[in-house]
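Please look over the chain shown here before reading the briefing that accompanies it.

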Amino acid sequence: MFNFLALTILVTISFFINADEIQLADSHGPISIMGDHMHKKGEFMFSYRFGQMKMNNVANGTKKINTNSVMLSPNGASNNLGNYMNAPISMKMNMHMFGGMYAPSDDLTLMIMTSYQDKIMTQQRMPMAGGSRFNVNSSGLGDTRITSLINIFNNDLTKTIFGTGLSLPTGSIDQRDTTPASSNTRLGYSMQNGTGTYDLLFFLNNINKIGRFKIGEQLLYKKALSGKNSKNYQYGDVFEFNIWSSYRWIDNVSSSIKINYNYQKKMNGSDNEMNPRMSPAMDSHNTRHNKINLGFGVNLVNTSKIFKNHRIGIEGTFPIYQNLRGLQMQETFRFMIGWQYAI
Ligand SMILES: [Cu+2]
């Protein structure tokens, strides 16, 4: 009798372990969400994501501002008297993100992530200077994040993770290019590759399973830890909230919808080499935003023998609300495609 009971328990346990090890498309959240899952003891995961972001139009608050009005707007350096010399027209960023995960135990997963980015910004000169357009480019390594994920609660229906991380300032804050003003100008804040500060990250991730549906929430807070960077400024705190839901159509295909809220406080200090009269992009007054985005994604996992358990995630994100302090460019579209593989 006792043996039978022990055997039943053993079979039940191994059934659940095996059930958990089956890779399903929705075992991971939307591709843009980091730290949504943990790994089993001894497991490694490698990932590569390609992301693109496009920005167009300058806005003040929620209102679009045309290019001439941008150049007639008072800049942050002039007590409402001077204007901007240039107006941003558009910006595009490509980002290659490389990630690694390793689980020393079932309750702890370590994560490292870095990126390589390239950016282009088009600006228009003021009418007095001819009104022509010019481009500036920057590229290089971004900041590097080291994160630990701790298992708070984990059963078949609910998984809760607490994450703490440190962002290392591996991204340059001295990206330069040729502008009409100088052959070697330090570019605006958004053209730089990193924050220049050690930043602390906290997040809480929760996922509930309801049949073929999953509902996930992630709360994230990021704060510059090391005071102002070497160029005398510090990015404002970031507060982000994601809520998403996915539906698994078949074992290897799921789709998701995500609402993302992103708030960033205004910048503290300013880069003393950036002349705020040149462009809204160089004016530290033009920082702080409230954004709500809507994302649609698809997750695929390969269950056949060749390339088994390789995953692909794709997500497109569209802004539905943007409230910007001062004059900032509006986001128009974000796209991300990623590959993940665990061994
Ligand atoms: Cu992973």
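This is a predicted model: local features need pLDDT of at least 70, side-chain atom pairs count only at pLDDT 80 or more; totals for chains, interfaces and linings use all residues.

Residues are numbered from 1 along each chain as its sequence is written. The chain holds 2 helices and 17 strands, where helices (H or I, at least four residues) and strands (E, at least two) are DSSP runs numbered from the N terminus.

**Confidence and overall form**

- The mean pLDDT, which is the predictor's confidence in each residue on a scale from 0 to 100, is 91 for the chain, and 92% of its residues reach 70 or more.
- Over residues 10-20 pLDDT stays under 50, and for these residues the model has 0 contacts beyond four places in sequence; two residues are in contact if their C-beta atoms, placed from the backbone, lie within 7 Å.
- The C-alpha trace of the chain spans about 95 × 35 × 35 Å along its principal axes.
- Of the 343 residues in the chain, 36% are buried, a residue being buried if 20 or more other C-beta atoms lie within 10 Å of its own, exposed if 12 or fewer, and partly exposed in between, with C-beta atoms placed from the backbone.
- Among contacts with a separation of 6 or more, 69% are between residues 24 or more positions apart.

**Strand pairing around β6**

- Strand β4 (residues 108-125) and strand β6 (residues 144-154) run antiparallel and are joined by 6 bridges, where two strands pair if DSSP finds at least two bridges between them.
- Within this pairing, M111 has T147 in β6 as its bridge partner.
- Strand β7 (residues 158-168) pairs with β6 in the antiparallel sense over 10 bridges, and S167 in β7 is the residue that stands opposite R145.

- Leaving aside residues up to four places away in sequence, V70 touches V58, I65, Y84, A87, P280 and L327.

**The position of S284**

- S284 lies in the loop between β15 (268-269) and β16 (289-301), and S284 is buried because 20 other C-beta atoms lie within 10 Å.
- Its contacts, not counting residues up to four places away in sequence, are with G76, Y233, M267 and S270.
- From S284 to G35 the separation is 249 residues in sequence and 31 Å in space, C-alpha to C-alpha.

**Residues with positive phi**

- Most residues other than glycine have a negative phi.
- N57, which is not a glycine, has a positive phi of about 65°; N57 is found in strand β1 and counts as partly exposed because 18 other C-beta atoms lie within 10 Å.
- F307 likewise has a positive phi, near 60°; F307 is found in the loop between β16 and β17 and counts as exposed because it has 8 C-beta neighbours inside 10 Å.
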